[in-house]
Amino acid sequence: MREDVFAALASPARRQLLQLLLDGGPQPVGRLAERFDMARPSVSEHLKVLKDAGLVAESRHGRERHYRLEAAPLMEIRDWLTPYERFWRERLADLGTVLDDMEDRDDDDR
């Protein structure tokens, strides 16, 4: 598992950038920067972290740099997390059963 992907996803700003690229497709950095209350160079730094982690790709169109989402690293994380999702789903189902049993006992005591 690539730690740089987790580090990149740790930032709310970078997660928002990924969401914007998911929702709006490839976009120039200027359009992305308009959505943030930070300077364009700061947005560019966040995009560089995402690019270094393989989460976005960059291409030049004239003088503009366009970014697009690269989902492959996210698929790796999903695959890694799947067993844990099953684990917690089973545990929560077990908890639900225990709580239902407790409620039934409370109803019987009344």
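At what angle do α2 and helix α4 pack, and how far apart are their axes? In this predicted model, α2 and helix α4 (residues 40-52) meet at an angle of about 80 degrees, and their axes are 10 Å apart. Angles of 65 to 115 degrees count as roughly perpendicular, so α2 is roughly perpendicular to α4. On the α2 side, the contact involves A13, R14, L17 and L18; on the α4 side, V43, H46, L47, V49 and L50 take part. By class, this contact comprises seven nonpolar residues, one polar and one charged.

Confidence was examined for the protein and by element. The mean pLDDT of the protein is 92, with 98% of residues at 70 or more. Helix α2 (residues 12-24) has the highest confidence, at a mean of 97, whereas helix α5 (residues 72-109) has the lowest, at 88.

Aromatic pairs number three in the model. In one of them, the ring centres of F6 and W80 lie 5.9 Å apart with the planes at 75 degrees, so the pair is edge-to-face. This pair links distant parts of the chain, since F6 belongs to helix α1 (residues 3-9) and W80 to helix α5, 74 residues apart. For W80 and Y84, the ring centres are 5.3 Å apart and the planes stand at 50 degrees, so this pair is tilted. Both W80 and Y84 lie in helix α5, where a separation of four residues corresponds to about one turn of the helix.

Technical notes: Residues are numbered from 1 along each chain as its sequence is written. This is a predicted model: local features need pLDDT of at least 70, side-chain atom pairs count only at pLDDT 80 or more; totals for chains, interfaces and linings use all residues. Side-chain values use heavy atoms; hydrogens and water are left out. pLDDT is the predictor's confidence in each residue, from 0 to 100. Helices (H or I, at least four residues) and strands (E, at least two) are DSSP runs, numbered from the N terminus. Axes are lines fitted to C-alpha atoms, for helices over the stretch in contact, and angles run from 0 to 180 degrees between N-to-C directions. Angles under 35 degrees count as roughly parallel, over 145 as roughly antiparallel, 65 to 115 as roughly perpendicular and the rest as oblique. Contact means heavy atoms within 4.5 Å. Ala, Val, Leu, Ile, Met, Phe, Trp, Tyr, Cys and Pro count as nonpolar, Asp, Glu, Lys and Arg as charged, and the others, Gly among them, as polar. Rings of Phe, Tyr and Trp (its six-membered ring) pair if their centres lie within 6.5 Å; planes under 30 degrees apart count as stacked, over 60 as edge-to-face and the rest as tilted.
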